[in-house]
Amino acid sequence: MRVLVVGANGQVGRLLIADLLARGDDPIAGLRFSEDGEDWEDQGVTVRQMDLLTKPEQLANVMLDVDAVIFAAGSGGRTKDDMTLLVDLDGAVKTMQAAEIAGVDRFLMISMLFAEDRNRWADPLKSLYVAKFYADNWLVNQTNLNYTIVQPGALSFHAGTGKVKSDPLAVGSISRADLAAFLVAALHSPRASRKTIPLLSGETPIEQVLDQL
């Protein structure tokens, strides 16, 4: 499967590319124009540069031969609220619109745990919760994309275990490695189609969690 990873130079994005390669997929590293893709090209990975602040019609040009998109981009913790809205919200929505223009069917979105519940939003991250809330809603209600939304808990740098849990009432964390592994597995799982999935570290193998959806 040819998969465009938007935000491929991010912490989760790099893991996604590695996991896709290991699974035998054909990943494309979606990078900002200011980013250098030489490392990816040295590994045989196709690089496509894109600007999430541009129009969907232009973004669609990098997706014309793509089977799926994983949106792993973000404005980053050091930016102000305006960039959170422009990248994490509007950039995500424009990527969805571009995918539909290009005829892409499958779209995976990294969200946040409890993004749908305003009562659970933590003040320091409120602008990011807002962005995820509305981007997720657009994906579900305003597109015809075959989506999977994954809502991870707090992200850690711990080693991946390959074991997770999906409990809508639980709180906790998950390693970036396990988040990436779950996304790649979900990409290939029909049971993850059109699902919003909370995700935390757990004791159940990823494939088993997907089989139980």
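A helix, in this talk, is a DSSP run of H or I of at least four residues, and helices are numbered from the N terminus. The model is a predicted one.

Let me start with helix α1, which covers residues 11-23. It has 13 residues, and from its first C-alpha to its last it reaches 19 Å, close to the 18 Å expected at 1.5 Å a residue. Which residues of α1 are buried? They are Val12, Gly13, Leu16, Ile17 and Leu20. Looking down the axis of α1, these buried residues fall within an arc of 140 degrees, so they line one face of the helix. As a general point, an α-helix has 3.6 residues a turn, so residues three or four places apart point the same way.

Strand β1 takes in residues 2-6, and five bridges join it to β2, the two running parallel. One of the facing pairs is arginine 2, which stands opposite aspartate 26 in β2. Together, β1, α1 and β2 make a right-handed β-α-β unit. Strand β2, residues 26-31, is mostly covered, with five of its six residues buried.

β2 also pairs with strand β3, residues 46-49, in the parallel sense and over four bridges. Isoleucine 28 has threonine 46 of β3 as its bridge partner, and alanine 29 has valine 47 of β3.

Going back to β1, that strand is joined to β4 by four bridges, and the two run parallel. Here valine 3 is partnered with alanine 68 in β4. Is strand β4, residues 68-71, covered on one face or on both? Both: Ala68 and Ile70 are buried on one side, and Val69 and Phe71 are buried on the other. From β4, four bridges lead on to β5, again with the strands parallel, and isoleucine 70 has leucine 108 in β5 as its bridge partner.

That brings us to the whole sheet. Nine strands form an open sheet in the order β3-β2-β1-β4-β5-β6-β10-β8-β11, and the pairing is mixed. β3 and β11, residues 204-205, stand at the edges with a single partner strand each, so one side of each is left without a neighbour in the sheet. In general terms, the strands of a sheet pair through backbone hydrogen bonds, either parallel or antiparallel.

For a sense of distance, take threonine 204, which lies in β11. This threonine is partly exposed, at a relative accessible area of 22%. Between threonine 204 and valine 87 there are 34 Å in space, C-alpha to C-alpha, and 117 residues in sequence.

Next, the aromatic rings. The count of aromatic pairs comes to three. Tryptophan 121 and tyrosine 129 form a stacked pair, 5.8 Å centre to centre with 15 degrees between the planes. Tryptophan 121 is buried, with a relative accessible area of 11%, and tyrosine 129 is buried as well, at 9%. What is the geometry of tryptophan 121 with phenylalanine 133? Their ring centres are 5.8 Å apart and their planes stand at 70 degrees; over 60 counts as edge-to-face, so this pair is edge-to-face. The pair links distant parts of the chain, 12 residues apart: tryptophan 121 is in the loop between β5 (106-110) and α5 (126-141), and phenylalanine 133 is in helix α5. Phenylalanine 133 is also buried, at 13% relative accessibility. Ring pairs link Trp121, Tyr129, Phe133 and Tyr134 into a cluster.

Two arginines also lie over ring faces. Arginine 120 lies over phenylalanine 114, at 3.8 Å from the ring centre. Arginine 176 lies over phenylalanine 157, at 4.0 Å from the ring centre.

How many of the 12 residues of α6 are buried? Ten are, which leaves the helix mostly covered. Among the buried residues of α6 are Arg176, Asp178, Phe182 and Leu187.

Conventions: Residues are numbered from 1 along each chain as its sequence is written. This is a predicted model: local features need pLDDT of at least 70, side-chain atom pairs count only at pLDDT 80 or more; totals for chains, interfaces and linings use all residues. Side-chain values use heavy atoms; hydrogens and water are left out. Rings of Phe, Tyr and Trp (its six-membered ring) pair if their centres lie within 6.5 Å; planes under 30 degrees apart count as stacked, over 60 as edge-to-face and the rest as tilted. Buried means under 20% relative accessible area, exposed over 50%, partly exposed in between (1.4 Å probe, protein chains only). A charge sits over a ring if NZ of Lys or CZ of Arg is within 6 Å of the ring centre and within 35 degrees of the ring normal. Two strands pair if DSSP finds at least two bridges between them. A crossover is right-handed if, with the strands pointing away from the viewer, the path from the first strand over the helix to the second runs clockwise. The expected span of a helix is 1.5 Å times one less than its number of residues. The arc is that of the directions from the helix axis to the C-beta atoms.
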